[in-house]
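This briefing concerns one protein structure, its domain contact and its salt bridges. Please consult the sequence and the structure shown here alongside the text.

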Amino acid sequence: MSERERFLNHIGGAFVAPAGGAYLPVYEPATGAQYAEVAASNKRDVEGACQAAERASRGWRDASTEKRGAILDAIANKLEAQFEQFAQAESKDNGKPVSLARAVDIPRAVSNFRFFAGAIQHFASECHPTSADVLNYTLRAPLGVVGCISPWNLPLYLFTWKIAPALAAGNCVVAKPSEITPATATMFAQLCTEAGLPPGVLNVVHGTGPDVGEALCGHPSIKAVSFTGGTKTGARIASVAAPLFKKLSLELGGKNPVLVFDDADFDAAVATTLRSSFSNQGEICLCGSRVFVHDAIYDRFRDELVKRAKALRVGDPLEATTEQGALVSEQHHARVRGYLALAREEGSTILCGGEAVSPPGRCANGWFLSPAVIEGLPHSCRTSQEEIFGPVAALYRFKTEDEAVALANDTPYGLASVVWTRSLDRAHRVAANLHAGITWVNCWMVRDLRTPFGGVKQSGVGREGGWEALRFFTEPKNVCLKLS
Ligand code: NAD
């Protein structure tokens with residue numbers, strides 16, 4: 001990154017200007033002002049990155065797992081040493097409170113590298129002694145060069161969640177971060193080189209999805225694509241990559257249900273639902289946007305949630321007391337407000353929030369929105385069915401467990417779900433019946449990196465995390481040996 005805050009590509013271990021010489025503006029959401037520009041790359045840059053990755057591929061593939069793990073650990077240590085710089089950059093680029101970047105984004109990016117540095121040391125393959133004279137075993141070879149495409153909501157957290165297992169498994173990576181939040185990926189690429197990652201093992205190409213993402217997905221060097229982003233983009237990527245028989249991991253959108261039964265720990269349920277609805281301004285794929293509450297406690301729960309939502313402090317992300325930062329872009333701000341207008345048309349009552357906020361001082365022109373709680377929506381309407389990805393929680397009343405589960409499952413998505421109950425039987429029953437890749441019972445966003453992570457239905461294909469990620473980034477090969 002130069003002093004002019006120009007985010008360049010990082011190819012073959014060095015910063016490189018985009019082949020076409022074009023740049024895109026990068027905005028600070030909290031002020032609404034442009035603060036940097038980012039390379040608007042094209043397929044020539046993708047070609048250069050793929051060539052650099054191919055050149056590095058042999059050496060990295062043949063490095064021992066111990067050596068790869070040590071380099072990943074060194075990267076984690078270096079990131080930890082620059083923790084505050086990265087937290088500030090993430091907050092500036094994305095609009096999230098710096099307190100959240102310190103508590104979640106940057107620590108998790110460190111953990112992603114530490115976790116896979118260790119995991120690869122323990123990643124074993126199977127051996128099947130078939131008979132006295134036949135032995136079958138499985139080799140798990142790296143794929144070669146892989147593509148990782150990540151979104152803007154948890155920029156470094158998701159960027160590292162993909163590239164750490166890819167690198168640990170012995171692949172070289174060409175990564176495309178979101179053009180909306182390119183800062184920390186750029187800083188990170190340089191940090192990796194300084195930490196001893198050989199040139200070309202990780203390459204970052206900036207630019208738009210159509211110009212860079214699609215060129216990456218269609219490039220013959222790329223053996224697999226790991227993508228996190230919207231469902232429509234996932235479908236587009238599949239249409240480019242699937243006919244070329246590339247391995248695909250797609251982590252897509254969500255419309256996550258929260259089920260609050262009348263035997264729930266009320267205070268814990270309200271406090272955590274406030275977080276699960278509004279953390280990161282609701283811009284987390286795991287946020288609960290449909291909150292189903294049992295009839296017996298509905299009114300009390302609604303009133304308490306509204307009271308607490310109104311009390312959330314919206315303002316300058318750099319202030320320690322801020323709980324809600326800015327939405328990521330002007331377009332996204334308009335989109336979320338559009339959904340609130342639609343919710344009104346569809347018959348809902350906006351109980352609180354949903355208004356543009358103009359904090360005093362430097363953030364007066366930022367893209368802030370007060371957190372909204374709404375009720376009275378039919379479950380079949382667009383606001384109930386489509387992903388909003390902002391600080392909007394819709395409440396629904398239910399009377400029976402079957403009704404709650406049926407409503408929760410009545411969506412094209414199936415990423416995350418939350419159940420609040422003190423009944424052990426119900427917890428297990430409902431968790432098993434919800435169509436989602438993950439169900440949290442009496443908690444939210446508690447993560448163990450060993451667990452499989454992903455969605456069903458239109459929320460995705462495949463799983464990340466733990467062995468799932470290492471399996472995705474390796475090709476199994478069966479060797480059948482007949483002893484003479
Ligand atoms: P997006 O789909 O617009 O963009 C994601 C990435 O894909 C960006 O880097 C973008 O440049 C790139 N891209 C866009 N068009 C492309 C194309 N045609 N070919 C290749 N790449 C392309 O998503 P977003 O707006 O950045 O992120 C928000 C979405 O991400 C939400 O739907 C959210 O639910 C989802 N998300 C899902 C998860 C998960 O784990 N399932 C996590 C975070 C975010």
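**Salt bridges, domain contact and a buried glutamine**

Asp303 is partly exposed, with a relative accessible area of 45% (buried is under 20%, exposed over 50% and partly exposed in between, with a 1.4 Å probe and protein chains only). The model is predicted, so local features need pLDDT of at least 70 and side-chain atom pairs count only at pLDDT 80 or more, while totals for chains, interfaces and linings use all residues. Residues are numbered from 1 along each chain as its sequence is written, and side-chain values use heavy atoms, leaving out hydrogens and water.

**Salt-bridge network**

- Asp303 forms a salt bridge with Arg302, their closest N and O atoms being 3.1 Å apart (a side-chain nitrogen of Lys or Arg within 4 Å of a carboxyl oxygen of Asp or Glu).
- Arg302 is buried, at 17% relative accessible area.
- A salt bridge also joins the side chains of Asp299 and Arg397 (3.1 Å, N to O).
- Because Asp299 lies in helix H10 and Arg397 in strand E19 (residues 392-398), this pair ties together parts 98 residues apart in sequence (helices, H or I of at least four residues, and strands, E of at least two, are DSSP runs numbered from the N terminus).
- Asp299 is partly exposed at 37%, and Arg397 is partly exposed at 40%.
- The network of salt bridges links Asp295, Asp299, Arg302, Asp303, Glu375 and Arg397.
- The whole structure holds 26 salt bridges.

**Domain contact**

- The domain assignment, automatic or from a database, gives domain 1 (3-252 + 459-480) and domain 2 (256-448).
- The contact takes 27 residues from domain 1 and 28 residues from domain 2 (heavy atoms within 4.5 Å).
- About 2200 Å² is buried between domain 1 and domain 2, with carbon and sulfur atoms giving 58% (buried area is the accessible area, 1.4 Å probe, that two parts lose on being put together, summed over both).
- In domain 1, Ala30, Trp152 and Ser459 lose the most area to domain 2, together 23% of what that side buries.
- One salt bridge is counted between domain 1 and domain 2.

**Gln324**

- Gln324 lies in the loop between helix H10 (298-311) and helix H11 (330-345).
- Gln324 counts as buried because its relative accessibility is 2%.
- The Gln324 side chain reaches the backbone oxygen of Phe278 at 2.7 Å.
- Not counting residues up to four places away in sequence, Gln324 touches residues including Pro97, Phe278, Phe368 and Pro391.

How values were computed
Polar contact = N/O pair within 3.5 Å; in protein donor to acceptor, adjacent residues only side chain to side chain.
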